[in-house]
Amino acid sequence: MNSVIPICELPSCLKMDGELLSPHTDGHGRKRDGQPKSPSSSSSSHLAYSVLDIPPWYLCIFLGIQHFLTALGGLVAVPLILAKDLCLQHDPLTQSYLISTIFFVSGICTLLQVFLGVRLPILQGGTFAFLAPSLAMLSLPAWKCPEWTLNASQVDTSSPEFTEEWQKRIRELQGAIMVASCVQILVGFSGLIGFLMRFIGPLTIAPTISLVALPLFDSAGNDAGIHWGISSLTIFLIVLFSQYLKNVSVPVPVYGGWKKCRTAKFYMFQVFPVLLALCLSWLLCFVLTVTDTLPSAPTAHGYLARTDSRGSVLSQAPWFRFPYPGQWGLPTISLAGVFGIIAAVISSMVESVGDYYACARLVGAPPPPKHAINRGIGIEGLGCLLAGAWGTGNGTTSYSENIGALGVTRVGSRRVIVAAGCVLLLMGVFGKIGAVFATIPTPVIGGLFIVMFGVIGAVGISNLQYVNMNSPRNLFIFGFSISCGMAIPSWVNRNPEKLQTGILQLDQVIQVLLTTGMFIGGFLGFLLDNTIPGSQEERGLLAWAQIHKEFGDTLQAAEVYSLPWGAGTRLCTCPCTRTLPFWPGPDRERHQLSCPLALDTLGRVPAGCSRDQHQRTAGPPHQAALEG
């Protein structure tokens, strides 16, 4: 999960005289391939390239690298957060292997999603939703790290004993993720996601997403507390670049088009605020290390702010390392882990549906039809299965900050995300790349986490903009869900022995679920929102439905969402395939969004809708939320 950029027309990252710098146009409103711009619609008129356009190869590569850098913070953060509970806090080399693996798998999943999934330009990557149940599972008594692994002087990272200690934990995560991903595959390819969305509204989404981040602040504070000066600088720079300097352009020389050499405006601070802040703080740590300003004793406060505290990882890491399935051994399965990850899978699915609608709007495409949504969720489940097999310690989901980047660059072409997927694959194969990110000083990571987790929590709360918060009903549901989602896990963590039933597997399932605040808050929000009487306007479902009307039909849905090579429309059109909920067909080319309102708690049919129309319609999407 990831940072969110509002779904609105954003200033382009590269401008020339108020226009997006795009050497692929001829100055007469035509693409270089001779296709005229559609006279069109408000949603696509501001795009340099829409979803079906093909930019020049060099622009695809440049923007693909930018998408990689945009997702970098979330991709690197996931394995670094897991490292402590996997007993890897003193093994940066293995951390670098995990980072390379998550790069590689994210590249595979991105290509699968673009070619066979929802077919929108959406990057896939690790998700914070999986962290809460993963950390809850690893906190069970059977999986707590031995004391000797917490002491750097006692850890021999090359010893078989230490290797088995961390590998058996990640194998347990792998098994849980692979089994839980089968649920997502089933829900997606069977079409059940449309049925589930009828009952999920803002009052379910808001506590679920908020409680992904709130339990992680303790960990972020501990990392930042290694050296508050460095972490405060990191926070300050991120805020400065992303909020105060976001509209400040930097002149850059460019070459090509009708003018050989000219200057363009590049909104560098808006596009790379996290990367710039991270590099500057990293540089300061290097200077303080070289001048011996930071303490050199490993036990001294602030030692982990030194850049040489993990410096050996760069020399130890291989130049090339090809991640492969089962690289940590054969996955193991426990009931507790599976139930916890299933709760994360449900949350991830709901977020992804919202991301599909947000992405469609930004790239000038019509809202995705049901068969495309079903395929997208199914492919995300397949991606989680691959992530489990490869051993990333995490699943995959759609990255919301990359959807926002589409609005910044005004390039919505699928080819750009294909290029980004290839960049991820290459970065995953170069072992030194992962090693570089594994050497980031701990307080720099802590400062980054404080900002990132704050944004995640705010994204969850932002879903309440559709709800009438003057309603005592809604105030009670949200407040009670958040309160229980924080209080119950806190009590269970302090008193695990009071929930013993005598059946070990059942005890583990109960402890994992009741220490996952996201599950508790989301479940209570879902239950109360669907059982306490309330009108659709009060619940926020009318406002969500209005989003559909604002998308508009800018392209035929069949052009965007059909499978490659005409499968389902020109090829493989046998009657048996038409019954598959994820398969496009000739009868599905004309996509219409009629009456996209969920049934309220009293079973009333929305005004202006026949009951037959209403029963055939899935629920509304939710606001695009943070993942990476």
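1. Helices α6 and α20. These two helices are roughly antiparallel to each other, a label for angles over 145 degrees, where under 35 is roughly parallel, 65 to 115 roughly perpendicular and the rest oblique. The axes of α6 (residues 202-213) and α20 (residues 517-531) come within 8 Å and cross at roughly 170 degrees. Axes here are lines fitted to C-alpha atoms, for helices over the stretch in contact, and angles run from 0 to 180 degrees between N-to-C directions. Helices (H or I, at least four residues) and strands (E, at least two) are DSSP runs, numbered from the N terminus. On the α6 side, the contact uses Leu203, Thr204, Pro207, Thr208, Leu211 and Val212. On the α20 side, it uses Gly517, Met518, Gly521, Gly522, Gly525, Phe526 and Asp529. Contact means heavy atoms within 4.5 Å. By class, there are six nonpolar, six polar and one charged residues in the contact of α6 with α20. Ala, Val, Leu, Ile, Met, Phe, Trp, Tyr, Cys and Pro count as nonpolar, Asp, Glu, Lys and Arg as charged, and the others, Gly among them, as polar.

2. Basis of the model. This is a predicted model, with residues numbered from 1 along each chain as its sequence is written. Local features need pLDDT of at least 70, side-chain atom pairs count only at pLDDT 80 or more, totals for chains, interfaces and linings use all residues, and side-chain values use heavy atoms, with hydrogens and water left out.

3. The chain overall. The chain has 25 helices and six strands. Of its 628 residues, 59% count as buried. Buried means under 20% relative accessible area, exposed over 50%, and partly exposed in between (1.4 Å probe, protein chains only). Take the contacts in the chain with a separation of 6 or more: residues 24 or more positions apart account for 81% of them.

4. Helices α2 and α15. Helix α2 (residues 92-116) packs with helix α15 (residues 414-429) at an angle of about 155 degrees. Their axes are 7 Å apart. α2 and α15 are therefore roughly antiparallel to each other. The crossing of α2 past α15 is left-handed, meaning that the near helix is turned anticlockwise from the far one by less than a right angle (clockwise would be right-handed). From α2, the residues include Phe103, Phe104, Ile108, Leu111 and Phe115. They face a set in α15 including Ile417, Val418, Leu424, Leu425 and Met427. By class, the contact of α2 with α15 has twelve nonpolar, six polar and one charged residues.

5. A search of the whole structure finds six salt bridges. The criterion is a side-chain nitrogen of Lys or Arg within 4 Å of a carboxyl oxygen of Asp or Glu. Glu165 bridges to Arg169, with the closest N and O atoms 2.9 Å apart. Glu165 and Arg169 are four residues apart in helix α4 (residues 160-190), so about one helical turn separates them. Glu165 is buried at 12% relative accessible area, and Arg169 is buried at 1%. Glu165, Lys168 and Arg169 are linked in a network of salt bridges.

6. Two further pairs. Glu164 forms a salt bridge with Arg171, the closest N and O atoms being 2.9 Å apart. Glu164 is partly exposed at 38% relative accessibility, while Arg171 is buried at 13%. Arg539 and Asp529 also meet in a salt bridge (3.2 Å, N to O). Arg539 sits in helix α21 (residues 536-539) and Asp529 in helix α20, ten residues apart. Both Arg539 and Asp529 are buried.

7. Ser181. Ser181 is in helix α4. Ser181 counts as buried, at 0% relative accessibility. Setting aside residues up to four places away in sequence, Ser181 touches Gly381, Cys384 and Leu385.

8. Gln316 and Ala317. Gln316 lies in helix α11 (residues 312-316). Ala317 lies in the loop between α11 and α12 (335-362). Gln316 is partly exposed at 45% relative accessibility, whereas Ala317 is buried at 4%. Gln316 and Leu93 are 223 residues apart in sequence, but 7.2 Å apart in space, C-alpha to C-alpha. Ala317 and Tyr97 are 220 residues apart along the chain, with their C-alpha atoms separated by 8.5 Å. Beyond its neighbours within four places in sequence, Ala317 is in contact with Leu93, Gly431, Lys432 and Ala435.
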